[in-house]
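I looked up the sheets, then the helix contacts, then the backbone at single positions.

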Amino acid sequence: MASLKRTAAWKALAAHHKKISTTHMRDLFAGDDNRFDRLSLGLGGLFLDYSKNLISDDTVALLIDLARQTDVEGWRQRMFDGEILNNTESRAALHVALRHPDDGGPMMAAGVDVMPDVRANRDKMRTVTEAIRSGDWKGATGEKINAIVHIGTGGSHLGPEMVTEALRPLGPPEANGGPEMHFVSNVDGVQIAGVLEGLSPETTLFIAASKTFTTEETITNARTAKDWLVAALGEEATLRHFIAISGNAKAVANFGIPDDNTFALWDWVGGRYSVCSAIGLPIALSLGMDTFEELLRGAHDMDCHFRDSPLEKNMPVILGLIGIWNIDFLDAQALAILPYDEGLRGLPNYLRQLEMESNGKALDRDGNPVDAGTATVVFGDPGTRGQHAFYQALHQGRQRIACDFIAPMESRHKGGSHHDRLLANFFAQTEALMAGRTSDEAQAAMVLRGVPETERKKQLPHRVFEGNRPTNSILLERLDAFSLGQLIALYEHKAFVQAAIWGLNPFDQWGVEWGKELATQILETLETGATAPKTCASTTGLIDRYKSWKAKNR
């Protein structure tokens with residue numbers, strides 16, 4: 001890819017940045033009564049306000065020029081056409097097919113219509129889900145399944161856990177009409193031991209989710225679960241107590257899981273884009289297949305908006321362009337995902353993987369260095385809990401951190417004034433980050449509070465806030481399966497837009513692989529005493545220290 005910074009659009013943005021960088025957002029709002037209406041977008045019950053960014057109409061126009069010069073529209077079409085976009089692994093990236101409606105026509109990947117397989121998988125999900133939730137699926141001893149342990153990691157774990165938590169009804173576990181759901185993702189044995197404690201083998205079902213069925217964390221935990229099950233019920237129990245979601249049928253069969261209990265996962269589905277595939281089975285089991293299909297409808301609604309809307313009115317495009325402006329021109333060093341809904345507590349982790357694993361790359365799709373900043377650090381925490389943890393740095397830290405505030409307008413909790421108080425904090429934080437507080441305003445506030453004059457002089461510098469910190473606000477009418485599907489697809493397509501502009505392949509993750517390969521070599525050393533791989537003095541010393549401790553404490 002040619003140098004991004006040499007494009008006419010990038011040069012125009014750089015020149016524009018010099019003009020606008022000394023402007024304060026306060027002044028932009030003061031001089032424009034229509035700023036909010038003009039710099040916001042809606043799609044059904046989903047609403048995006050991006051007016052609290054250091055942008056003008058000229059900024060947006062220049063960013064749209066950048067999208068056109070980097071052929072965002074062409075890359076978008078190539079994705080929907082099922083062309084090979086993951087060029088390092090020679091794969092399409094057709095996760096949009098996972099939520100394509102049954103009557104919506106074909107979706108092609110490398111010239112093959114994938115929809116028959118997608119429909120068959122959905123039908124199988126419904127059959128299995130209804131059998132387990134109704135009690136028709138019996139365990140090895142004839143008892144109903146009342147607990148499910150989902151074993152996965154990364155993309156096969158974060159999505160299902162996030163959605164299940166977000167949409168779980170208030171009240172006891174049985175309020176959702178399905179089995180109690182547990183998630184295991186860490187190879188640390190403490191996690192799976194804690195989950196298994198208190199569960200009964202006779203009434204527990206395991207889901208092992210791994211595209212390759214070789215992922216170290218997943219297979220290690222699956223073996224531990226199988227040993228626990230077999231010790232109580234015998235080898236044949238695997239047939240009634242294990243389900244697999246994988247693209248490696250041979251490895252699944254070798255593990256002892258029958259084909260009837262196996263769901264396909266295709267190579268054109270990336271792990272972090274897979275929540276709408278059979279990877280979402282825990283959602284269906286916990287909340288019902290109808291709820292899962294409503295999630296698919298919401299994601300498809302955003303897919304259609306992304307595919308069909310002009311760039312200027314396209315929510316994922318605008319969100320992606322604002323991110324590029326904040327990262328590459330305003331030097332935002334992080335993005336805080338701030339959901340003001342306790343159910344969305346897993347969303348920051350989910351989006352962290354989506355954005356940082358997709359676009360945390362220094363080489364473009366052709367293997368050349370990227371001459372612009374790419375994915376930034378993503379973190380977050382829900383609601384006012386985050387306010388008491390890291391908002392100090394958001395307001396007064398030397399680093400610039402962009403923020404996405406997300407909240408439903410309707411709360412599932414109907415008692416008291418909790419939701420009004422929650423949203424009051426949401427609105428106040430975005431205003432404070434934008435406007436800041438001047439010296440005169442801080443002085444007046446202290447006088448109003450009766451702060452003694454001697455103290456006012458000492459406190460004044462610390463009570464002044466620069467403001468001009470960029471935020472996006474996303475409001476949902478309510479947090480339900482449809483709106484959550486919209487939100488998931490919004491961020492998926494946002495990451496894709498940014499990848500197209502930066503020239504990245506957002507569908508591979510080679511940076512993950514080397515550490516895993518080295519860990520396999522080191523594990524052999526720890527378990528068998530084989531010759532250790534060549535490592536630096538620090539790593540060698542740490543390995544030797546651990547081996548020595550093990551030898552003494554067997």
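I looked up the pairing of strand S14 (residues 400-410) with strand S15 (residues 471-478), and found it parallel over seven bridges, where strands count as paired if DSSP finds at least two bridges between them. Glutamate 410 has arginine 478 of S15 opposite. I note at once that this is a predicted model, in which local features need pLDDT of at least 70 and side-chain atom pairs count only at pLDDT 80 or more, while totals for chains, interfaces and linings use all residues. Residues are numbered from 1 along each chain as its sequence is written, and side-chain values use heavy atoms, with hydrogens and water left out. The element names follow DSSP runs, helices being H or I of at least four residues and strands E of at least two, numbered from the N terminus.

S14 and S15 belong to an open sheet of six strands in the order S1-S2-S15-S14-S12-S13, with mixed pairing. S1 and strand S13 (377-380) stand at the edges with a single partner strand each, so one side of each has no neighbour in the sheet. From one strand to the next the twist averages 15°, with axes taken as lines fitted to C-alpha atoms (for helices over the stretch in contact) and angles running from 0 to 180 degrees between N-to-C directions. Helix H14 (residues 315-329) packs on this sheet and touches S1, S2, strand S12 (332-339), S14 and S15, its direction making about 145° with that of S1; contact here means heavy atoms within 4.5 Å.

At the S1 end I looked at the hairpin. Strand S1 (residues 40-43) and strand S2 (residues 46-49) run antiparallel and are joined by four bridges, and leucine 43 stands opposite leucine 46 in S2. Two residues lie between the strands of this hairpin, and glycine 44 in the turn has a positive phi of about 60°.

Entry 2, the parallel sheet. I found an open sheet of five strands, ordered S8-S7-S9-S10-S11, with parallel pairing. Neighbouring strands are turned against each other by 15° on average, direction ignored. Strand S10 (residues 242-246) is joined to S11 by three bridges, in parallel, and serine 246 has alanine 264 of S11 as its bridge partner. Helix H8 (residues 189-196) lies across strand S7 (147-151), S8 and strand S9 (204-209), running at about 165° to S8.

How many of the 10 residues of H7 are buried? I count nine as buried (under 20% relative accessible area, with exposed over 50% and partly exposed in between, for a 1.4 Å probe and protein chains only), so H7 is largely enclosed by the rest of the structure. Its buried residues pack against S7, S8, helix H12 (281-287), H13, helix H15 (347-359) and H21.

I then followed one of these contacts. Helix H7 (residues 158-167) packs with helix H21 (residues 481-502) at an angle of about 145°, with the axes 11 Å apart. Met162, Val163, Ala166 and Leu167 in H7 meet Ala481, Leu484 and Ile488 in H21. By class this contact has seven nonpolar, no polar and no charged residues, where Ala, Val, Leu, Ile, Met, Phe, Trp, Tyr, Cys and Pro count as nonpolar, Asp, Glu, Lys and Arg as charged, and the others, Gly among them, as polar.

The axes of helix H6 (residues 115-134) and helix H13 (residues 289-308) come within 10 Å and cross at roughly 150°. H6 and H13 are therefore roughly antiparallel, a label for angles over 145 degrees, with under 35 as roughly parallel, 65 to 115 as roughly perpendicular and the rest as oblique. Arg122, Met125, Arg126 and Thr129 in H6 meet Met289, Asp290, Phe292, Glu293 and Leu296 in H13. This contact has four nonpolar, one polar and four charged residues.

Is asparagine 468 buried or exposed? Asparagine 468 is buried, at a relative accessible area of 11%, in the loop between helix H20 (453-463) and S15, and has a positive phi of about 65° although it is not a glycine. Serine 90, in the loop between strand S3 (84-86) and strand S4 (91-92), also has a positive phi, near 55°, but serine 90 is exposed at 54%.
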